[in-house]
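Biologist: I am new to this structure. Could you take me through how to read it, one feature at a time?

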Amino acid sequence: MPLPPTASAQGKIVAGFPADSLRFPDGTVVVSTGVSAADTVLQVTADAISTVGQDSVVGHFQQQLGKLNFWSEPAPAAEGQRAVRFVRGADSVTLTTSATGTGSTRFMLFGNLHTTAG
């Protein structure tokens, strides 16, 4: 499948973003998303705010990506943040979350996904 052209969007999911694989929690407000392709690698980014707590956001992505055979491990994070890395072969997605102070969670995704096994 051809990779999408490099693009970004504010307030919505950009064309070419793998929204079926990286489905956001219900009630998420999208701040920005982006895709960038090079050779066989699609780099994806997302910045969004969810109405649920950090544990629920992490659990949501563990469930979504676990169905796609990704395993997860804690990743280094700045003070006040939580980060989890999801890995499947050469593919990786890092999720970083932080509490907003209003009960919501801001989360950021950064992923490198490959079109061929690697």
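Modeller: This is a predicted model. Start with a loop: Gly-27 sits between β1 (7–10) and β2 (29–38).

Biologist: Which residues is Gly-27 in contact with, leaving aside its neighbours within four places in sequence?

Modeller: Ile-49 and Thr-51. Take Thr-51: in sequence, 24 residues separate Thr-51 from Gly-27, yet their C-alpha atoms are 6.2 Å apart.

Biologist: Next, the helix. How many residues does α1 have?

Modeller: Helix α1 covers residues 54–66, which makes 13 residues. From first C-alpha to last, α1 reaches 18 Å, close to the 18 Å expected at 1.5 Å a residue.

Biologist: How do I read the faces of a helix?

Modeller: Begin with the general idea. An α-helix has 3.6 residues a turn, so residues three or four places apart point the same way. Now the case here. Val-57, Val-58, His-60, Phe-61, Gln-64 and Leu-65 are buried in α1. Viewed down the axis of α1, these buried residues fall within an arc of 155°, so they line one face of the helix.

Biologist: What covers the buried residues of α1?

Modeller: The cover includes the strands β3 (41–50), β5 (81–88), β6 (91–99) and β7 (105–114).

Biologist: Now strand pairing. Do β4 and β5 run parallel or antiparallel?

Modeller: Antiparallel, with five bridges joining β4 (residues 71–75) to β5. One example: Ala-75 has Ala-83 of β5 as its bridge partner. The hairpin has five residues between the two strands, and there Gly-80 takes a positive phi near 85°.

Biologist: How many salt bridges does the structure hold?

Modeller: Four. For a salt bridge, look for a side-chain nitrogen of Lys or Arg within 4 Å of a carboxyl oxygen of Asp or Glu. Arg-106 and Asp-47 meet this way, at 2.9 Å from N to O. Arg-106 lies in strand β7 and Asp-47 in strand β3, so this pair links distant parts of the chain, 59 residues apart.

Biologist: Is Asp-47 buried or exposed?

Modeller: Buried, at 15% relative accessible area. Arg-106 is partly exposed, at 30%.

Biologist: Which residue forms a salt bridge with Glu-73?

Modeller: Arg-85, with the closest N and O atoms 2.7 Å apart. Arg-85 is in β5 and Glu-73 in β4, so the pair ties together parts twelve residues apart in sequence. Arg-85 is partly exposed at 27% relative accessibility. Glu-73 is partly exposed, at 27%.

Biologist: And Asp-91?

Modeller: Asp-91 forms a salt bridge with Arg-88, closest N and O atoms 2.8 Å apart. Asp-91 is buried, at 7% relative accessible area, whereas Arg-88 is partly exposed at 32%.

Methods: Residues are numbered from 1 along each chain as its sequence is written. This is a predicted model: local features need pLDDT of at least 70, side-chain atom pairs count only at pLDDT 80 or more; totals for chains, interfaces and linings use all residues. Side-chain values use heavy atoms; hydrogens and water are left out. Helices (H or I, at least four residues) and strands (E, at least two) are DSSP runs, numbered from the N terminus. The expected span of a helix is 1.5 Å times one less than its number of residues. Buried means under 20% relative accessible area, exposed over 50%, partly exposed in between (1.4 Å probe, protein chains only). The arc is that of the directions from the helix axis to the C-beta atoms. Contact means heavy atoms within 4.5 Å. Two strands pair if DSSP finds at least two bridges between them.
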